[in-house]
Amino acid sequence: MNLQIPTMAQMAAQDQQPEILFWVGCAGSFDERAQKITRDICKILDHVGISFAVLGTEESCTGDPAKRAGNEFLFQMMAMTNIAVLDGYNVKKIVTGCPHCFNTIKNEYPGLGGNYEVIHHSQLIQQLIDEGKLKAEGGESFKGKKITFHDPCYLGRGNGVYEAPRAALEILDAELVEMKRCKSNGLCCGAGGAQMFKEPEPGKKDINMERIGDVIEAKAEIVAAGCPFCMTMLTDGVKHQDKEQEIQVLDIAEITVRANGL
Amino acid sequence: MIAQAIFIIILGAAIYLFAKNAGKIRRNILLGKDADRSDQPALRWKVMAKVALGQTKMVKRPVAAVMHFFIYVGFIIINLEVLEIMIDGIFGSHRIFSHPLGGLYNLLIGGFEVLALLVLTACVVFLCRRNVVRLKRFSGIEMTEWPKSDANYILIIEILLMTAFLTMNAADYKLQLLHFGHYVTAGSFPVSSVIAPLLPNGSGALVMLERGCWWFHIIGILAFLNYLPYSKHFHILLAFPNVYYSNLNEKGKFTNMASVTNEVKAMLDSSFVPENTGEPARFGVKDVTDLTWKNLMEAYTCTECGRCTSVCPANITGKLLSPRKIMMDTRDRLTEVGNNIDKHGKDHDDGKALLDNYITREELWACTTCNACVDACPVNINPLEIITEMRRYVVMEESQAPASLNNMFGNVENNGAPWKYSQADRLNWAQND
């Protein structure tokens with residue numbers, strides 16, 4: 001499939017303003033696995049006919065990992081630079097596939113002068129399902145498959161979004177199962193708070209191994225993620241447990257794309 | 001008359017001592033930095049009614065929730081009886097409410113007795129959970145001898161108080177049946193009437209027992225009141241204001257440091273003239289006095305239940321970090337700072353700090369900022385804020401972040417991404433499908 005990905009710069013040159021800015025994020029831009037999810041989010045936007053654009057090379061890290069690690073200087077530098085770019089294009093609405101970008105732009109940018117309506121891609125999918133624009137037909141069948149959702153901390157506890165990603169799974173013909181630790185009780189994948197970029201402190205085991213235990217216990221065949229960092233941690237966990245044949249880790253955008261044959 | 005005088009002296013001394021120690025805690029809390037939590041009063045009252053009064057966050061653990069509810073309701077309602085005991089003590093009367101309240105009095109005393117039995121049962125169950133079943137939640141590196149003893153003392157004192165209360169009623173009930181002296185027929189005794197047969201029958205012995213339990217009960221309560229400022233049990237008072245002043249923002253939202261905003265603005269725009277906001281002494285938190293008064297109030301509110309630690313992904317997987325320890329360390333250090341002020345006056349430097357002397361860097365860096373501890377706390381304590389504030393100190397004042405994080409900072413600053421990729425390649429994903 002050949003995707004046309006317009007950038008804000010191209011659109012501005014043609015005096016056009018997209019309905020929504022797709023904030024791709026660093027993982028979505030550079031991590032191979034996350035790039036696939038990025039493209040799938042574009043496919044969904046394209047499929048329902050929402051006009052969108054990305055910042056492309058003008059996008060930078062939101063500053064989230066710097067802020068969680070205590071580097072407020074770097075965070076605010078990144079934030080103010082990004083706000084200048086976003087405001088330069090008169091951006092009003094943003095969708096992102098990364099809960100960390102979502103949280104940072106939604107909650108921490110307003111205090112620095114950046115005010116946007118920010119949604120996570122699961123919220124977009126839920127909205128499209130509610131409006132009848134997105135179904136689960138014409139693609140792969142998930143009939144009878146056991147799917148569980150791993151709540152990303154910065155989507156769930158951080159911002160109280162628990163139902164949107166589940167709505168994307170409920171529309172499938174699958175069996176939605178919950179892990180013993182879910183929703184506000186969900187267990188972190190181990191990547192948050194800048195842990196993604198460092199070795200864990202000494203302990204008995206890695207956090208993602210603990211989490212994969214929950215997935216195995218729930219007997220899920222698919223564990224759905226909504227965050228590129230959770231994706232990495234869960235995929236590593238499944239590999240480490242030698243469960244690659246039994247358990248698939250898929251982002252809700254990928255599941256949506258597959259179910260609709262996009 | 002002598003009894004009344006003794007009672008008034010003990011009561012006065014107990015109240016004075018408690019006020020003095022509570023005042024010290026207030027002073028210690030106010031050593032913290034400003035934080036504005038005066039917005040949205042209507043919502044704050046609502047949250048307090050729900051979370052503190054209604055104990056809605058306790059229900060996640062049903063057994064503890066029910067047992068705690070017995071003790072909580074028992075504590076509040078049996079205090080109505082304490083009011084009568086106080087008045088009787090001061091004026092030398094006996095069951096002064098019985099006459100004006102009439103039939104309602106019987107209902108109340110009967111209700112108090114049932115509650116007292118429930119409290120007693122709950123305390124015994126709690127003691128067993130801690131000392132016989134040894135629930136994992138009540139252990140951990142921070143659960144040293146004192147915190148463990150503290151918990152047991154509280155439960156034992158409550159058991160003794162309730163036992164004295166019921167024994168007092170049982171003796172009173174027997175004396176009422178004997179129509180002895182001023183023991184007017186008043187109250188109903190659904191619980192103590194059951195234990196009454198175990199008591200002696202002589203009126204002299206019964207009066208001694210009734211008076212003895214009366215004094216034990218009320219002096220016990222006053223002593224317990226004065227134990228609170230030294231104990232985790234102080235939560236019974238601070239839980240309410242602590243929840244009232246809760247963080248009402250989304251949990252994912254961290255504070256933006258205003259002092260940093262000024263510097264960054266000046267850096268990005270040379271014409272920017274910062275408002276003089278009164279620069280802080282330092283970025284982030286090294287010692288307890290760098291924390292806000294709300295962080296410090298939370299430290300005194302913590303009752304060391306360990307719900308935070310039991311859901312902490314770092315702690316679950318064997319890392320050193322325990323959110324409960326963060327709160328306990330903060331309280332211990334603050335108490336130490338307060339004692340220093342009492343002994344040596346303000347601005348005394350004992351060469352110690354919360355960082356390193358209490359909380360190690362290994363603990364700070366093990367946090368995933370997942371907010372599980374914040375969500376789990378039944379009284380809305382936020383250990384995560386203390387952790388991130390201390391990270392800010394370590395990173396911005398000391399430049400002592402772990403090397404891998406320094407690499408990440410460098411990448412973010414130079415490439416606009418936490419990894420070493422060129423910003424020019426940021427759209428490459430669009431080409432390779």
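Predicted model: local features only at pLDDT ≥ 70, side-chain atom pairs only at ≥ 80, totals over all residues.
Residues are numbered from 1 along each chain as its sequence is written, and chains are lettered from A and ligands numbered from 1 in the order in which they are written.

Let me start with the sheet in chain A, which is open and has four strands in the order E2-E1-E3-E4, with parallel pairing; strands here are DSSP runs of E with at least two residues, helices are runs of H or I with at least four, both numbered from the N terminus, and two strands pair if DSSP finds at least two bridges between them. Strand E2 (52-53) and strand E4 (117-120) of chain A each have a single partner strand, so one side of each is left without a neighbour in the sheet. Strand E1 (residues 20-23) of chain A is joined to E2(A) by two bridges, and Leu21(A) has Ala53(A) as its bridge partner there.

Turning to helix H4 (residues 64-68) of chain A, we find Ala66(A) within it. Ala66(A) counts as buried because it has 28 C-beta neighbours inside 10 Å, the cut-offs being 20 or more for buried, 12 or fewer for exposed and partly exposed in between, with C-beta atoms placed from the backbone.

Finally, in chain B, an unreviewed UniProt entry lists "transmembrane region" for residues including 63-87 and 107-129, bearing in mind that such annotations may be inferred rather than shown by experiment. Residues 63-87 of chain B are 100% helix and 0% strand, with end C-alpha atoms 37 Å apart, and for residues 107-129 of chain B, also 100% helix and 0% strand, that separation is 33 Å.
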